[in-house]
Amino acid sequence: MDFMTDRDVQKYQEDGYVVMDGLLTPEECDQLRCRMAEIIDQMDIPKHCRVTFSTEHDEQLNKQGNADYFLTSGDKVRFFFEKGVFDDKGEFTVPRERSLNKVAHALHAREPLYKEITHSPQVQGIAKKLGLQSPVIVQSMYIFKQPAIGGEVTPHQDATFLHTEPLGRVMGLWIALEDATVDNGCLWFIPGTHNGGITRRMVRTPEGTYPLTDFVGHERAYDEEKFIPTPVKKGGVVLIHGQVVHRSAPNTSDNSRHVYAFHLMETKDTRWSPENWLQPTEELPFPTLYTK
């Protein structure tokens, strides 16, 4: 029996997103969390690499795109921190496990446990149910949404950062490793906005110029009242169309909201923009999802 039902497919096509419970068992969620705790325990970050991850327009450019550490993370497992977790000397002001915004962008290729989940029969079944013929995995990330300091993610479309021609070829899978609630910063969506195109792109600038990335166009203004909260139970997954508008609020609770997320692209008759910040490398071409 298919994990994804016909009704799920219909909702995804109509709204641009759908929540499905039980993609992972609680034990699988705990295994991913335990492995991440080991990765964090072993991390040794050079002081100059302690970049702060932000989603606000100017800081995105200054802190993230300008940092070569970010731009060259597509085929590696790298560490991105919340604001204010380092003092003036670059030392942690909070426990290191509470300092991270995310670990990215090649867990799906570099970490066997994450690779196994990414290529699981259920995930492959979702892609096949949606008619994807030659999907590849373009990136993956572990998102922490730390208690009290987990920042908001402002309204955006994933295709701003992961652009294809034609549009509509990228889909995110957002797996809750703990319950995602309104209090701890679950996702909010404006249903149906996946049909409206995009107005902003993050692009690489010509080689040798500064900054290393820039935004072309501007994010639209969105009616806050149209956003719908989307809580997800531990082990559940949200499928996210590359153009659907979504956001998340700050985590004001005492609970974290750990997530494993990755993006698929249908490669059949699709062009991945050479201007995207993320590019396949010789060391890691985008791996195919289907293993059989």
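**Figure 1. Contacts across the sequence of the predicted model.** In this predicted model, residues 24 or more positions apart account for 82% of those contacts in the chain that have a separation of 6 or more.

**Figure 2. Overall dimensions of the chain.** Taken along the principal axes, the box filled by the C-alpha atoms is roughly 55 × 45 × 45 Å. The radius of gyration of the chain is 18 Å, which agrees with a compact globule, because a globule with 292 residues would have a value near 19 Å.

Figure 3. Gln-243 is placed in the loop between strand 12, which covers residues 237-241, and strand 13, which covers residues 246-248. Although Gln-243 belongs to a loop, this residue counts as buried, because its relative accessibility is 6% and the cut-off for buried residues is under 20%.

**Figure 4. The surroundings of Gln-243.** When residues up to four places away in sequence are not counted, the residues that Gln-243 touches include Gln-157, Ala-159, Leu-167 and Gly-168. Thr-193, His-194, Gly-197 and Ile-198 are also among the residues touched by Gln-243.

Terms used. Residues are numbered from 1 along each chain as its sequence is written. This is a predicted model: local features need pLDDT of at least 70, side-chain atom pairs count only at pLDDT 80 or more; totals for chains, interfaces and linings use all residues. Side-chain values use heavy atoms; hydrogens and water are left out. The radius of gyration is taken over C-alpha atoms; the globule rule is 2.2 Å times the number of residues to the power 0.38. Contact means heavy atoms within 4.5 Å. Helices (H or I, at least four residues) and strands (E, at least two) are DSSP runs, numbered from the N terminus. Buried means under 20% relative accessible area, exposed over 50%, partly exposed in between (1.4 Å probe, protein chains only).
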